[in-house]
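Colleague: I have a new model open and a few quick questions. Let's start inside it.

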Amino acid sequence: MNNRKLLYIVCILLTFAIGIILRVVIPDTTRAIIVGDETTYNHAAENLVKHGTVTFDMNGDMFKGIREVVPTSALQPGYPIYISIIYVLFGHSTQAVLTSQIFLSILSLWLIFKMLELINVRKPYIVISLALAAVYPGFLYNIDRMLTETLFTTLLLLFSYFFLRSLQSNNIILLGVSGMFLACATHVRALAFPFIIVAIFVLVIYEKRNKINTIKNLSAFIGITILFMLPWWIRNVLTFDRFMLFTEAGEGPKVWGAVPYFIDMASTSNLSLSEIINNNAAPSPSTYYKWRLFGFFQYMWGDLWDEHLVHPFKYLRPLLIIQQLIVVPCIIVTPFLLRKCRKEVLFISCFPIAFTLMNMPFHGLPRYVYPSMPFVLILSGVALERLVNFIRKQKVHKEENFLFGWQRLTDKWTRILYTVFASFFSIILFYSVYFFAYNINSEMSEYRLSKYESTSIESIKSSEPIASKIYDVDKMIIENSIQLKNHKFTNIPEAPSIIKVQDELLQNEKVVTEVHLEIQGGYIHDYMTVYWTGKKTSEITENAVYRFPINAFEKSQKIYIDDDVNSLMIVPTVFRNGKFEIHSIKINKYEVK
């Protein structure tokens with residue numbers, strides 16, 4: 001064994017050791033699950049064990065006998081089945097479920113490594129990509145959540161790994177195994193099923209033997225996938241007297257997506273989806289549709305998924321930079337990888353784009369694109385290798401061999417059209433994450449002004465303020481913070497920093513308040529939250545709040561509030577232990593005519 005190979009093995013083992021330690025130490029498997037999605041899956045599993053049917057029972061009333069047990073068509077069965085198996089084996093233990101997800105996360109790390117090897121990424125870049133996957137905070141924060149993502153991601157990786165192995169070896173057994181895992185992933189979340197189309201396309205276009213082999217492979221893959229889907233389809237026909245390909249999810253996620261920046265969700269009560277869309281889009285269509293495109297992209301990719309919301313782990317916090325300096329750029333450079341990449345890379349590159357597009361009808365959350373994150377980190381190794389090859393002017397990849405001319409032509413035009421589409425996707429992503437994000441405070445303001453006061457920022461700024469006041473640090477109440485020097489503070493780890501300012505109400509009937517926040521700080525990517533009370537808002541509420549991205553280089557932010565504000569409660573940096581500097585807060589008030 002030469003020194004380079006030995007060094008490679010040591011680096012891989014060390015990376016796995018770090019990844020495993022982090023996955024064992026960080027999750028809190030003893031935590032109590034939270035009412036919502038977690039209790040829904042928990043009680044679904046309990047009812048499956050007790051009553052033998054999948055239910056939607058968020059509060060456990062069916063399990064407790066308070067309500068009649070009613071089968072549901074609104075929940076995919078995969079995750080409840082997984083939990084119920086653990087309950088049968090280990091007793092009713094949420095800790096056992098969360099602990100099992102540690103093993104799933106470690107398995108996912110191993111699959112990332114095997115897929116990097118499978119697509120022949122060179123060893124130095126395998127080490128780099130695997131190291132990123134080992135320490136990526138998004139993979140660590142949410143293992144201890146009783147949610148579908150950990151299981152779903154592992155099943156998606158298993159499907160992809162066995163599919164690519166079967167593609168390289170023409171092994172029909174491995175292809176059948178991949179179909180099984182695709183069906184299992186679909187049972188957890190229906191978003192996996194569209195990848196059957198991608199897989200079929202790859203099998204047809206890149207078949208190198210003969211037509212008979214193509215038919216055999218397609219039959220095995222499609223047949224096994226359908227075979228493992230059949231029990232759920234039959235259950236639905238017998239239970240509901242109709243065929244259902246997937247669950248019949250409610251309109252809840254679509255409602256969230258129809259409310260720009262999730263502002264004032266109370267306004268959606270008792271309204272249909274079409275009414276909500278009309279109410280929110282009609283006052284300012286451009287603001288609404290910018291939210292539906294750039295806002296969604298930013299919310300999905302601008303930050304990593306963290307159910308804690310505040311990134312509380314001190315030593316992981318510097319790694320937040322991975323999201324904006326590595327993950328997002330890897331997706332942005334996808335078009336440059338497509339022309340001469342291996343078919344396996346073509347397949348892998350579909351995942352981040354597909355998950356983004358499939359969630360566009362709903363709403364944007366990092367959680368929704370999380371299952372595609374392993375594929376992005378695999379692409380990081382490919383992109384880094386391609387960059388080095390470009391600098392060294394080395395040949396990238398030999399062209400694919402084809403059995404038929406139409407396969408070559410289809411491959412050529414697929415790459416051309418995919419490159420064009422991916423380029424548009426990359427441009428939108430680049431603008432959304434690095435530019436639009438830091439104008440969201442203005443977009444939020446524009447939305448509220450147009451909806452609740454039938455005015456705009458431009459109209460307000462064209463008039464003179466009827467009241468103006470500047471508040472220095474000595475006129476503010478600053479909580480949960482340690483003053484370093486002058487106007488500089490740092491947040492304590494236990495609670496968010498809070499800045500409070502009191503202002504006077506005016507006699508005017510309709511007033512818009514402009515708030516100029518001369519506050520700088522936070523991490524390279526962070527958030528600022530502003531709550532208020534005023535004539536129309538008697539108390540602090542989640543329906544009267546702006547939460548918008550900031551970065552450490554911004555010196556000030558400006559927001560407009562559709563109210564005569566008499567108090568502000570500001571969280572200057574959402575991520576814990578953030579440092580910030582306060583110069584002043586200026587409040588201007590304008591009369592709406």
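Colleague: Which residues line the second largest cavity?

Modeller: The lining is Tyr 136, Met 300, Asp 303, Leu 304, Trp 305, Gln 323, Pro 366, Val 369, Tyr 370 and Met 373. A cavity here is a set of points on a 1 Å grid over the protein atoms alone, where a 1.4 Å probe fits but cannot get out. Lining residues have an atom within 4 Å of a point.

Colleague: Where does this model come from?

Modeller: It is a predicted model, in which local features need pLDDT of at least 70, side-chain atom pairs count only at pLDDT 80 or more, and totals for chains, interfaces and linings use all residues. Residues are numbered from 1 along each chain as its sequence is written, and side-chain values use heavy atoms, with hydrogens and water left out.

Colleague: Back to that second largest cavity. What volume does it have?

Modeller: About 30 Å³. Volume means the space filled by probe spheres set on the grid points, which are joined across faces, edges and corners.

Colleague: And what classes of residue are in its lining?

Modeller: Eight are nonpolar, one is polar and one is charged. Ala, Val, Leu, Ile, Met, Phe, Trp, Tyr, Cys and Pro count as nonpolar; Asp, Glu, Lys and Arg are charged; the others, Gly among them, are polar.

Colleague: How many cavities of 30 Å³ or more are there?

Modeller: Two, from a search of the whole structure.

Colleague: What lines the largest cavity?

Modeller: It has 13 lining residues. Nearest its centre are Ser 105, Ser 108, Phe 139, Thr 153 and Tyr 370. Helix H5 (94–118) and helix H8 (149–169) are the elements that give two or more residues to that lining. H5 gives the largest share, five residues. By class, the lining has seven nonpolar, five polar and one charged.

Colleague: Tell me about H5. How many residues has it?

Modeller: H5 has 25 residues. From first C-alpha to last, H5 reaches 36 Å, close to the 36 Å expected. The expected span is 1.5 Å times one less than the number of residues. Just after H5, Asn 120 takes a positive phi of about 60°.

Colleague: New topic. How many helices and strands are in the chain?

Modeller: There are 22 helices and 11 strands. Both are DSSP runs numbered from the N terminus: helices are H or I with at least four residues, strands are E with at least two. The C-alpha atoms fill a box of roughly 85 × 65 × 45 Å along the principal axes.

Colleague: What share of the chain is buried?

Modeller: Of the 593 residues, 56% are buried. Buried means under 20% relative accessible area, exposed is over 50%, and partly exposed is in between (1.4 Å probe, protein chains only).

Colleague: Why is H17 largely enclosed?

Modeller: Because 15 of its 17 residues are buried. H17 covers residues 343–359. Its span is 25 Å, close to the expected 24 Å.

Colleague: And H2, how many of its residues are buried?

Modeller: H2 is mostly covered, with 11 of its 15 residues buried. Among them are Glu 38, Tyr 41, His 43 and Leu 48. H2 takes in residues 37–51 and reaches 20 Å, close to the 21 Å expected.

Colleague: Which way is Tyr 261, buried or exposed?

Modeller: Tyr 261 is buried, with a relative accessible area of 4%. Its loop runs between helix H12 (252–257) and helix H13 (273–281). Phi of Tyr 261 is near 60°, a positive value in a residue other than glycine.

Colleague: What about Asn 486, buried or exposed?

Modeller: Asn 486 is exposed, at 61% relative accessible area. It sits in the loop between strand E3 (481–485) and strand E4 (488–491).

Colleague: Last two. Where is Phe 201?

Modeller: In helix H10, residues 195–205. Phe 201 is partly exposed, with a relative accessible area of 32%.

Colleague: And where is Val 382?

Modeller: Val 382 is in helix H19, residues 373–392. Val 382 is buried, at 9% relative accessible area. Val 382 and Phe 362 are 20 residues apart in sequence and 31 Å apart in space, C-alpha to C-alpha.

Technical notes:
1 Å grid on protein atoms, 1.4 Å probe; cavity = no way out; pocket = protein on both sides within 12 Å on 5 of 7 lines; lining within 4 Å.
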